[in-house]
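Here is a quick tour for anyone meeting this protein for the first time. Have a look at the model, then read on.

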Amino acid sequence: MRILLDYRPALRQRTGVGEYAHELARAVLATVPAAGEPLLDLVLFSASWKDRLQSGVLPGAALVDRRLPNQMLNFAWHRLGWPPVETLAPGPFAVAHAFHPLLIPARRAAQVVTIADLDFLDHPERTDREIRRDYPALAAAHAKKADHVIVISEATARETRERLGVPPDRLTVCTPGAPAWPRREREPGDDDGCVLFLGTLDARKNLGVLLDAYERLLARGGKVPSLVLAGKPTGDSQAIAARTATGVLAGHVEMPGYVDDVTRQALYRRALIFVMPSHTEGFGMPVLEAMTVGVPVVVADRGALVEVAPAGVGRAFDPAAADQLAAILSELLTHSQTRDRMREAGWRQAARFSWRTSAERLRGAWQQAAARKAARG
């Protein structure tokens, strides 16, 4: 069974979708097929004018790397439904799988799409130009046409059923898995600790409310750990950087930019608290990473965040309420015993999320997609 995976989101500086695509593909390659399951031949597809897909990126997978302008290919695929992927990658394929909500055109392959969240339907202004142009207009039709739809949380599954009309038998939930990182047995000292956010620095992450809450902590006086905002810069991050350079925030906020795996782990090991204040999240992989290491998590009560870190594991707040967030941060920074309880609960919760389980579900979804395509002719 030959599967084509659109690996472009993971080509460089992997953020949420890219990390998800890479780790899920890695888990599929490491999973032994169950009795009666077909053997898989995984092909990673990439297209870029300047960035090349490196050999050995995922041992066991074949690579197809085309020197094409990515935006041009997306326009042709999304708006024209052309060219079929078999003209760019030597087929045939049983399945062509996109790690976004829009189909990869194919002559004979079953078509699978991935939906992380549907925030682009209600707030296209929080997305980039290409997503604003195509996703709100096309996602519903593509999801209905797809032979199968992969979603990354139960929250996204509910939205996809209710808002896009995709029936349950064509939906499979494949959550991210916890990373294979060792636990942090001890917290950092007061001089080394920080309050951490990690993620792309864009409008959807709602970092303004985190800065508002942190300003309130500083205004109360006393020792307050540094705030670290780590992640890939965007146009939205310029205003954040300007704000943190002046006034009460000056000298208290670190913005290291995009961080590699080693630096990312080091930041989690330094963190006293991890905060994800997003307006919405389809999952929130950094929350799972933080819990895996042993960092107490504070999340906005939106999207799938309270599914990943439910009551009793994380602390939730209204993403419009800076005072509420400030009160939670103040309490946790003051009471180390509360942080200890949250750390233990976070470890137990993180153990529930497995890449292997999701890889097995994905294999089943591909088989269902191929069978549906064959039945349709």
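Predicted model: local features only at pLDDT ≥ 70, side-chain atom pairs only at ≥ 80, totals over all residues.

P83 sits in the loop that runs between α2 (70-80) and β4 (95-97).

## Two residues with positive phi

That brings us to Q13, which is not a glycine but has a positive phi, near 40 degrees. You'll find Q13 in the loop between β1 (2-6) and α1 (16-30). Is Q13 buried or partly exposed? Its relative accessibility is 33%, so Q13 counts as partly exposed.

N206 is another non-glycine residue with a positive phi, this time near 60 degrees. N206 belongs to the loop between β8 and α6 (207-219). With a relative accessible area of 11%, under the 20% cut-off, N206 is buried.

## The whole protein at a glance

Now step back. The protein has 13 helices and 13 strands. Along its principal axes, the C-alpha atoms fill a box of roughly 70 × 40 × 40 Å. A compact globule of 377 residues would have a radius of gyration near 21 Å, and the protein agrees with that, at 21 Å.

Of the 377 residues, 53% count as buried. Take the contacts between residues with a separation of 6 or more: 67% of them involve residues 24 or more positions apart. The accessible surface comes to about 16,200 Å², and carbon and sulfur atoms account for 50% of it. As for charge, there are 48 positive and 42 negative side chains, and the centres of the two sets lie 5 Å apart.

Strands β4 and β5 (110-115) run parallel, joined by 3 bridges. One place to look is V95, whose bridge partner in β5 is A110. On to the next pairing: β5 and β6 are also parallel, over 4 bridges. There, I115 has V151 in β6 as its bridge partner.

How many of the residues of β5 are buried? It's 6 of the 6, so β5 is largely enclosed by the rest of the structure. In a regular strand the side chains alternate between the two faces of the sheet. You can see this in β5: A110, V112 and T114 point one way, while Q111, V113 and I115 point the other way, and all are buried.

H148 is in strand β6 (residues 148-151). At 1% relative accessibility, H148 counts as buried. Leaving out residues up to four places away in sequence, what does H148 touch? Its contacts include Q111, V112 and V113, along with D169, R170, L171 and T172, and also A365, Q368 and A369.

H100 sits in the loop between β4 and β5. This histidine is buried, with a relative accessible area of 11%. Beyond its neighbours within four places in sequence, H100 is in contact with D6, R8, H78, V113, T114 and Y135. H100 and V149 are 49 residues apart along the chain, yet their C-alpha atoms are separated by 10.0 Å.

Another strand to look at is β8 (residues 194-198). Here 5 of the 5 residues are buried, so β8 is largely enclosed by the rest of the structure. C194, L196 and L198 point one way from β8, and V195 and F197 the other.

Which strand does β8 pair with? Its partner is β9 (residues 226-230), in the parallel sense and over 5 bridges.

## One last stop in a helix

Finally, look at A21 in helix α1. A21 is buried, with a relative accessible area of 1%. A21 and S55 are 34 residues apart in sequence, and their C-alpha atoms are 17 Å apart in space.

Terms used:
Residues numbered from 1 in each chain as written. Heavy atoms only, no water. Rg over C-alpha atoms; globule rule 2.2 N^0.38 Å. Buried < 20%, exposed > 50% of the residue type's maximum accessible area, 1.4 Å probe, protein only. Contact = heavy atoms within 4.5 Å. Areas by Shrake-Rupley, 256 points an atom, 1.4 Å probe, with all protein chains shown as cover. Lys, Arg positive; Asp, Glu negative; His and termini not counted. Charge placed at Lys NZ, Arg CZ, Asp CG, Glu CD. Pairing = 2+ DSSP bridges.
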